[in-house]
Amino acid sequence: MATYQTTYGNAPQKGLHGQIASEEKSNKISRTVENAAGIKFGQPAQRGLADHGVAPFAAGGKFLGIAVLTPTVLPGATQVDGYAQFVTGAFLTAGQMYVRAGGAVADGDAVYYNPTTNAYVNVAGSGIVGPIPDCFFDTSGGNGDIVEISLKHRSA
């Protein structure tokens, strides 16, 4: 009989960027991606131009939710790790999500998104969008760590 797994880590992986952390109280909606580049899993989104449309969150936009990681979306030629243009995706409007920290963050910090690195930080800066309304880091971590954010659940 073939052996499928021969090595094991000390602990299971904490989570993946864009994965739901818990569903103690959460809400997800479906929206159709409008922009040609698509929306990456874990990327914040705003209302699009058409009914039920969605686009990446940008300065001055109306925040809608965060793209939820799902294994049912097949990678396409133009979109990997996210929803391609014209695909209907799931967007978390309230709840707990795992994301990748783009620097040191602390529990209770405000949440900003860096589209260049597809990671979340706690301060504004060039090219960084946010703060994401009613969103706070719910765990602390360093650059590259998977941390938890709370959307419309808790306050700092």
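Select Phe-41 and Tyr-83. Both are buried (under 20% relative accessible area; exposed is over 50%, partly exposed in between, with a 1.4 Å probe and protein chains only). This is a predicted model, where local features need pLDDT of at least 70, side-chain atom pairs count only at pLDDT 80 or more, and totals for chains, interfaces and linings use all residues. Residues are numbered from 1 along each chain as its sequence is written, and side-chain values use heavy atoms, with hydrogens and water left out.

**Aromatic rings**

Rings of Phe, Tyr and Trp (its six-membered ring) pair if their centres lie within 6.5 Å. Planes under 30 degrees apart count as stacked, over 60 as edge-to-face and the rest as tilted. The count by this rule is four aromatic pairs. Phe-41 and Tyr-83 make an edge-to-face pair, 5.2 Å centre to centre with 85 degrees between the planes. Now trace the chain between them. Phe-41 sits in the loop between strand 2 (39-40) and strand 3 (44-47), while Tyr-83 is in strand 6 (residues 82-83), 42 residues apart. Strands (E, at least two residues) and helices (H or I, at least four) are DSSP runs, numbered from the N terminus.

Next, select Phe-57 and Phe-63. Their rings are also edge-to-face, at 5.5 Å centre to centre and 75 degrees between the planes. Both of these residues are buried.

**A loop residue and its neighbours**

Go to Asn-118, in the loop between strand 8 (112-114) and strand 9 (119-121). Which residues does Asn-118 touch, not counting residues up to four places away in sequence? They are His-17, Lys-40, Phe-41, Gln-43, Arg-100 and Tyr-113. Contact here means heavy atoms within 4.5 Å. Asn-118 counts as buried because its relative accessible area is 11%.

**The salt bridge**

The structure holds one salt bridge (a side-chain nitrogen of Lys or Arg within 4 Å of a carboxyl oxygen of Asp or Glu). Select Lys-28 and Glu-23: their closest N and O atoms are 3.2 Å apart. Lys-28 is partly exposed, at 35% relative accessibility. Glu-23 is exposed, at 53%.

**Backbone stops**

Most residues other than glycine have a negative phi, and most peptide bonds are trans. Select His-52, in the loop between strand 3 and strand 4 (53-56). Its phi is positive, about 60 degrees. Finish at Pro-131, in the loop between strand 9 and strand 10 (135-137). The peptide bond from Gly-130 to Pro-131 is cis, with omega near 10 degrees.
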